[in-house]
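I opened this entry to log what I looked up, item by item. The structure comes first, then my notes.

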Amino acid sequence: QYHLGAFSELDLTEIGGEVGETSGDRKICVSLNPNPSHLESINPVVMGKVRAKQAFLNDTQREKVLGILLHGDASFSGQGVVHETME
């Protein structure tokens, strides 16, 4: 059930590269926020969560945390929370 949310952590040192090659502590954390509706009401929540993680990590250049918003239907321009989020 995608709408319940999920979290996973991928260790990049385990994929690719030569035997014995180390890339240090290289991990990707993926978080899927819960969205119980087809409406895009989760978008501003994702943006706030990303900004909070950037502040917590002192990521002033905005290079360590990335939010990805997927839009599920055809409406976009000037329609509700999608338009407001993109402003």
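I began with contacts (heavy atoms within 4.5 Å). In the protein chain, among contacts between residues at least 6 apart in sequence, 36% join residues at least 24 apart.

I noted the ground rules next. This is a predicted model, where local features need pLDDT of at least 70, side-chain atom pairs count only at pLDDT 80 or more, and totals for chains, interfaces and linings use all residues. Residues are numbered from 1 along each chain as its sequence is written, and side-chain values use heavy atoms, with hydrogens and water left out.

**Whole chain**

I looked up the secondary structure. Helices (H or I, at least four residues) and strands (E, at least two) are DSSP runs, numbered from the N terminus. The protein chain has two helices and two strands. Along the sequence the pattern reads β-β-α-α.

I then checked burial. Buried means under 20% relative accessible area, exposed over 50%, and partly exposed in between (1.4 Å probe, protein chains only). Of the 87 residues of the protein chain, 14% count as buried. The chain exposes about 7,200 Å², by the Shrake-Rupley method with a 1.4 Å probe. Carbon and sulfur atoms supply 56% of that area.

**Helix 1**

I took the span of helix 1 from its first C-alpha to its last. Helix 1 covers residues 43-56, 14 residues in total, and reaches 20 Å. That is close to the 20 Å expected at 1.5 Å a residue; the expected span is 1.5 Å times one less than the number of residues.

Which residues of helix 1 are buried? They are Asn43, Val46, Val50 and Gln54. They lie on the same side of helix 1 because they cover an arc of only 70 degrees around the axis. I took the arc from the directions between the helix axis and the C-beta atoms. On the other side of helix 1, Ala55 and Phe56 are exposed.

I also checked Val45, another residue found in helix 1. Val45 counts as partly exposed, at 46% relative accessibility. Val45 and Asn33 are twelve residues apart in sequence and 8.5 Å apart in space, C-alpha to C-alpha.

**Positive phi in the loop**

Most residues other than glycine have a negative phi. I therefore logged the exceptions that I looked up. Asn58 follows helix 1 and has a positive phi of about 55 degrees. Asn58 sits in the loop between helix 1 and helix 2 (80-86). Asn58 counts as exposed, at 59% relative accessibility.

Arg62 is also in the loop between helix 1 and helix 2. Its phi is near 60 degrees, again positive in a residue other than glycine. Arg62 is partly exposed, with a relative accessible area of 39%.
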